[in-house]
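Q: I have a new model open and want a quick tour. Can we go through the backbone, the packing and the rings?

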Amino acid sequence: MLNSKQLVRIAGIAALIVAGNGWQLEARTRKGDRFLVQSRAAEIRKEWDQALTFAEQALSEDPADVAYQLTATRLRFYGAQYHVDQAKKMRDQGHLTEALAEFEKAYGINPASNIAEEEITRTRRMIESEKAKPAPPEERGMTPEQVQKKKEGEKFAAMLPVPELKPLNAAPINLKMSNQLPKVLFETVGKLAGINVLFDPDFTSGGAGPIKPQSIELNNATLEESLDYLALITKSFWKPISTNAIFVTQDNPTKRREFEEWVVKVFYLKNVTSVQEIQEIVTALRSVADIQKIFTYNAQNAIIVRAEADKIALAEKMVSDLDKPKPEVVVDILVMQVTRAKERDLAAAVAPNGLNQSILFTPRASITTPSTTPAGGTGGATTGPVTVPLTNLSKIDGRDFSITVPGGLLQAILSDRDTKVLQSPQVRAVDGQKVTLNIGDKVPYATGSFQPGIGGVGINPLVNTQFTFLETGVNVEIQPKVHGTDEVSLHVEVNISNVRDHVNLGGIDEPIVGQTKVVNDVRMKQGEVNLMGGLMQLQESKVVTGIPGLSSIPIIRRLFTGETITRSNSELVVALIPHIVRAPDITASDLKEIATGNSTTVKLNYAPRPPEPPAAPPAPAPAAEGTVPTAPQPIGLQATVPVAPGAPPQLVPVTPQLPGLNAPPSSAGGPPATAPPTGPPATAPPTPPGPKPEGAPATPGGNARVMFAPGQVTTQPGATVSVTLVAANVNDLAAAPMQIKFDPKILRLNDVVRGSLLTSDGQQVAFSKNILNDAGEGTVNISRFPSTGGVSGSGALVTLVFQAVAHGETVVTIPQLTLRNSQSQPITATSPQLTVTVK
């Protein structure tokens, strides 16, 4: 016999089998119960190590207990996973040794953990690699795969897009040049804008034919516009190769294939819902943008394109215009059905429904054969047909037959039924997508071949019969098309059906379905109500029953007839109310046409960029302790000379040594040009001894000024006059493009000589000049190269050499003088004027 413990264990196993889906199994020992309860409490607190310890102790009490085994196995998995997660966090922080210990602890808890085994191997390799070659701090906690992915990300981030020109001088270009070679034209524009120009050797050597001089006049043109103008008249094309350099070559298919920039771009489409839409966009890019290298990746709704830079830019515009959210419409559907039926039933007659009587044979007992009662019977009534002997047939007469005499009826019934049904569902549909609404029942009907229920015994009529379900009730299909923001076209199919009757076909009752179907296309405004009426049914019926002949006799026919009159009226109205919840997102930019070049070349043009806001001027450096700040000192007016200790400073006038300030005598023997007298000396705080040299740092807190030195000149016809344009107290000066205006009837500009301010630190500058004496103007561009920064201080920008040609007085102006710093930001300064009198 089984002892009590075995019986308890068997009962527990049986309970486990019956429960089936229980996640906990009760322990079978008291001490094990206590450990198991403690294990569950620690598990709730997410203390996996402690929970596993208690579970192991409970399992040690009874190793054969299934509940203990399941609990310990489950906690080994969770405990090992917990240590794996902690080890990954330590490794991410760069603590490789501690992370390895945690991974090994996880593997010790659950040797079946493959992730712990893999991470142990990976961490050991990282430690060995760290010992061989220490990794940077940010890569110490990364796996080799993560390090490689980081390097790839850095490499991808370092890939440059198509270079974008950022000229040193962003001021509009005003230039007029006549009969100059294309190389000179491009170089002049480049110098004005502060960019470098590189040429294809075939372009300068005339490999495609003789090079003809060209003339050009630019007025307030941007750099890109100027380069496009030159490319058009010289039949060349240019491309930027860096932010401050361009490459120019001949414009022909061979050179474009050789030098035109190609770009790869991946477009991720966000609003397409089918592969067909992606293919339509790809077809548009191939046909319109003339892009041949194109591929679709349907898994990510992506399009990969490789083409010339301008074609890629055109593709970006097209994809932005085409990949837009589809409009959406919410349609309120109101189904209203009104049914009214009236029935009148009148009968006041004998046999109003006619005669339908049976004549019964009820023979008398004297002519029938006496019935016999079975032995042991009780003498009860016998059943069965009545038998009449043949000898008694002659005795049958009218007494042996019977008939039921019809009774009279008086009936007057009037019924009036009124039924109203209202259904108001709402559907939401995307533009061009069909939405279906079914309200009703599914009715089965037999289709295909079936075996009739006749012709054999025991044949089931349902053998070899297929059934299909038919949607009855109100079935609506709507396909919307949104026009703009306030109109919608709807293709509507309304199908209203119900089961009116059944017909038996081969032993199967088939439904007879009454159907009303309307297909309609309407165009409505948002919120407009469209009523689909006319689904009306009017039925009248009159039924007269009675005795033939008697029912046709006037007046008395009412005594032998009954009359039923039925009138039914049914009307169905379907109302559709559309509401646009998402309109087409078409902006003014989508509707604007853009220039795309000619039939062979795609070329896009861009509007000038808005100027960048000027940067805040740098804060002046604090003065050294014990020194007095220096006040702004005009150049060439005064300087401080050394004095004895303790004596007050003495200021004496000095003359600036600038080229052209002290003009030499004219070659025609006239009096030399004289400078106006300087103003009275002003008092200034003490400064170090000696005059202030050109190019010295500007005085902190001073304002930049530009002036002519001298500011007023008197000369004679035929004499040569040299004046210097001086910049005083400028900070970080990098470029000084200017336009000079003068009266060509009085003066002639012979030359423009570069000054020494921008080269005061020994750096080279870009210098160009274009003198148009017929128009009385000249254009000068002087700028430092981008990598050399700017200069601060005071000095000469340029020296202008004029020749007087006639008597009179004129004013020389600089209407377009733009001083810019090394960040291409303008430096505020006034435009100077020079008065020249020719006597």
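Q: Where does asparagine 301 lie?
A: This is a predicted model, to be clear. Asparagine 301 is in the loop between strand 7 (293-297) and strand 8 (302-308).

Q: What is its phi?
A: Positive, about 50 degrees, although asparagine 301 is not a glycine.

Q: Is asparagine 301 buried, exposed or partly exposed, and why?
A: Partly exposed, because its relative accessible area is 24%. The cut-off for buried is under 20%, and exposed is over 50%.

Q: Buried or exposed?
A: Lysine 235 is exposed, because its relative accessible area is 67% and the cut-off for exposed is over 50%.

Q: Which peptide bond is cis?
A: The one from alanine 709 to proline 710, with omega near -5 degrees. Proline 710 is in the loop between strand 24 (705-709) and strand 25 (712-715).

Q: Switching to helices. At what angle do helix 4 and helix 5 pack?
A: About 170 degrees, with the axes 8 Å apart. Helix 4 covers residues 66-92, and helix 5 covers residues 96-109.

Q: So how do helix 4 and helix 5 run, roughly parallel or roughly antiparallel?
A: Roughly antiparallel. The angle is about 170 degrees, and angles over 145 count as roughly antiparallel.

Q: Which residues make the contact?
A: From helix 4, they include Arg76, Ala80, His83, Val84, Ala87 and Met90. From helix 5, they include Leu96, Glu98, Ala99, Phe103, Ala106 and Ile109.

Q: How many nonpolar, polar and charged residues does that contact have?
A: Nine nonpolar, three polar and six charged.

Q: What does leucine 819 touch?
A: Leaving out residues up to four places away in sequence, its contacts include Val706, Val730, Leu733, Leu797, Pro826 and Ile827.

Q: Rings next. How many aromatic pairs are there?
A: Eight in the whole structure. One of them joins phenylalanine 199 and phenylalanine 203, with ring centres 5.8 Å apart and planes at 5 degrees, so that pair is stacked.

Q: Are those two buried or exposed?
A: Phenylalanine 199 is buried at 15% relative accessible area. Phenylalanine 203 is buried too, at 7%.

Q: What about phenylalanine 742 and phenylalanine 802, stacked or edge-to-face?
A: Edge-to-face, with 75 degrees between the planes and 5.8 Å centre to centre. Phenylalanine 742 lies in the loop between strand 27 and strand 28, and phenylalanine 802 is in strand 31, so the pair ties together parts 60 residues apart in sequence.

Q: Buried or exposed?
A: Phenylalanine 742 is buried, with 7% relative accessible area. Phenylalanine 802 is buried, with 2%.

Q: Last one. Which residues do ring pairs link into a cluster?
A: Trp48, Phe77 and Tyr78.

Terms used: Residues are numbered from 1 along each chain as its sequence is written. This is a predicted model: local features need pLDDT of at least 70, side-chain atom pairs count only at pLDDT 80 or more; totals for chains, interfaces and linings use all residues. Side-chain values use heavy atoms; hydrogens and water are left out. Helices (H or I, at least four residues) and strands (E, at least two) are DSSP runs, numbered from the N terminus. Buried means under 20% relative accessible area, exposed over 50%, partly exposed in between (1.4 Å probe, protein chains only). Axes are lines fitted to C-alpha atoms, for helices over the stretch in contact, and angles run from 0 to 180 degrees between N-to-C directions. Angles under 35 degrees count as roughly parallel, over 145 as roughly antiparallel, 65 to 115 as roughly perpendicular and the rest as oblique. Contact means heavy atoms within 4.5 Å. Ala, Val, Leu, Ile, Met, Phe, Trp, Tyr, Cys and Pro count as nonpolar, Asp, Glu, Lys and Arg as charged, and the others, Gly among them, as polar. Rings of Phe, Tyr and Trp (its six-membered ring) pair if their centres lie within 6.5 Å; planes under 30 degrees apart count as stacked, over 60 as edge-to-face and the rest as tilted.
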